[in-house]
Amino acid sequence: MFEPVKIAPSILSADFMNLARDIERIDKGGAGFIHVDVMDGHFVNNLTMGVPIVKQLKRVTNVPLDVHLMIDNPQKQLPWYLDAGADYVTVHAEVLDENQLCEIIDQIHQAGAKAGVSVKPSTSLEVLKPVVDRVDMVLIMSVEPGFSGQSYIEGSDERVAEVVLMAREKGVSPLIEVDGGMNVDTVGKVCAQGADVIVCGNAVCAASDPAAALQEIERIANAAQA
Ligand code: DX5
Ligand code: ZN
C-alpha cells in the first residue's frame, strides 16, 4: 500500500512582492510541503533567500517547511535554520564528507527536525549508501541546482529506482523527493519508480491558478504510483 504522493511547491517561483498571497494559494491547493530553495552564490552561482524568509513563513503557514540548502559549509548555518522553524533540512552530499554528513544528520534530529540528503544529477549514488538508513528524505536533483524553470534531465527516474532499491536493501523507506523540471509531462515517470515528494517551481507557483495546477500534478503523480 503506497502513501499518497505529496507536492512541494518551491517558492523560488513565487511572486516575492505577493508572497503571502501565493502561500495562501498553495496552502489551499493542498501542498504537502513548502519547498524553500536556499542558494549561497558559491555552491551554486545563484543567490536566493535565507533564514528571515523561513522565520516569516513559519508564522503564516502550518504546511511543513522543506528547506533545501544549496550552500557550502551547511554546518555553519544549520542552527539558524533549525531555530527558524525548518521542519525538514536537506543538505548536499557533495559538500560534506561521510563523517560530516552523519554529524549534521544527528544535529538536525537532535533539534527535532527531519534530515534530508541531496545529490546533483551527476553525483554517484554511492555517497548515499552510508546514510540512506539515517535520513528521513533523499532528494534526487533532476536538473543542475541553481535555477527554476529548467528541463527535466532524462534518466533521473532511473536514479529514483536505484535509491528505492538501496533503501529497501537496508530495510528502510526514506521519502524520495524529486526536484527540477517536474510538471504534468514528467511527474508520472518518477512516481512510477517510487518518488514520494515532488518539488514544483514553475509548474505550480508560476501557473495562473496554482491550486489547480498543484492538484492536477498530484492526480497524475498518484495515478502513476498506483
Ligand atoms: C533548483 C531548485 C528547484 C527549483 C525547481 O536548483 O532546487 O527547487 O526551484 O523549479 P522548477 O520546478 O521550475 O524546475
Ligand atoms: Zn530545491
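Me: How do the residues of the lining of the largest pocket divide into nonpolar, polar and charged?

Reply: The structure is a predicted model. In the lining of its largest pocket, 9 residues are nonpolar, 4 are polar and 3 are charged.

Me: How is such a pocket found, and what volume does the largest pocket have?

Reply: Rolling a probe the size of a water molecule over the atoms shows where empty space is left. Here the largest pocket has a volume of about 370 Å³. It is lined by 16 residues, and those closest to its centre are V164, R168, S173, G194 and D196.

Me: Which elements give two or more residues to the lining of the largest pocket?

Reply: They are α5 (156–169), β7 (175–179) and α6 (187–192). The largest share comes from α5, which provides 3 residues.

Me: Which residues lie nearest the centre of the second largest pocket?

Reply: Of the 23 residues in its lining, S148, G149, G180, G181 and G201 are nearest the centre. At least two lining residues come from each of β2, β8 and α7 (202–205). By class, this lining comprises 11 nonpolar, 10 polar and 2 charged residues.

Me: Which side chains have an N or O atom at a stated distance from an oxygen atom of ligand 1?

Reply: For a polar contact, the pair of N or O atoms must lie within 3.5 Å. In the side chain of D37, an N or O atom is 2.7 Å from an oxygen atom of ligand 1. For the side chain of S10, the corresponding distance is 3.3 Å. The backbone also takes part: an N or O atom of the N202 backbone is 2.9 Å from an oxygen atom of the ligand.

Me: How much of the accessible area of ligand 1 does the protein cover?

Reply: On its own, ligand 1 has 380 Å² of accessible area, and the protein covers 99% of this.

Definitions and conventions:
Residues numbered from 1 in each chain as written. Chains lettered and ligands numbered in written order. Predicted model: local features only at pLDDT ≥ 70, side-chain atom pairs only at ≥ 80, totals over all residues. Heavy atoms only, no water. Polar contact = N/O pair within 3.5 Å; in protein donor to acceptor, adjacent residues only side chain to side chain. Areas by Shrake-Rupley, 256 points an atom, 1.4 Å probe, with all protein chains shown as cover. 1 Å grid on protein atoms, 1.4 Å probe; cavity = no way out; pocket = protein on both sides within 12 Å on 5 of 7 lines; lining within 4 Å. Points joined across faces, edges and corners; volume = space filled by probe spheres on them. Helix = DSSP H or I, 4+ residues; strand = E, 2+ residues; numbered from the N terminus. Nonpolar A, V, L, I, M, F, W, Y, C, P; charged D, E, K, R; others polar.
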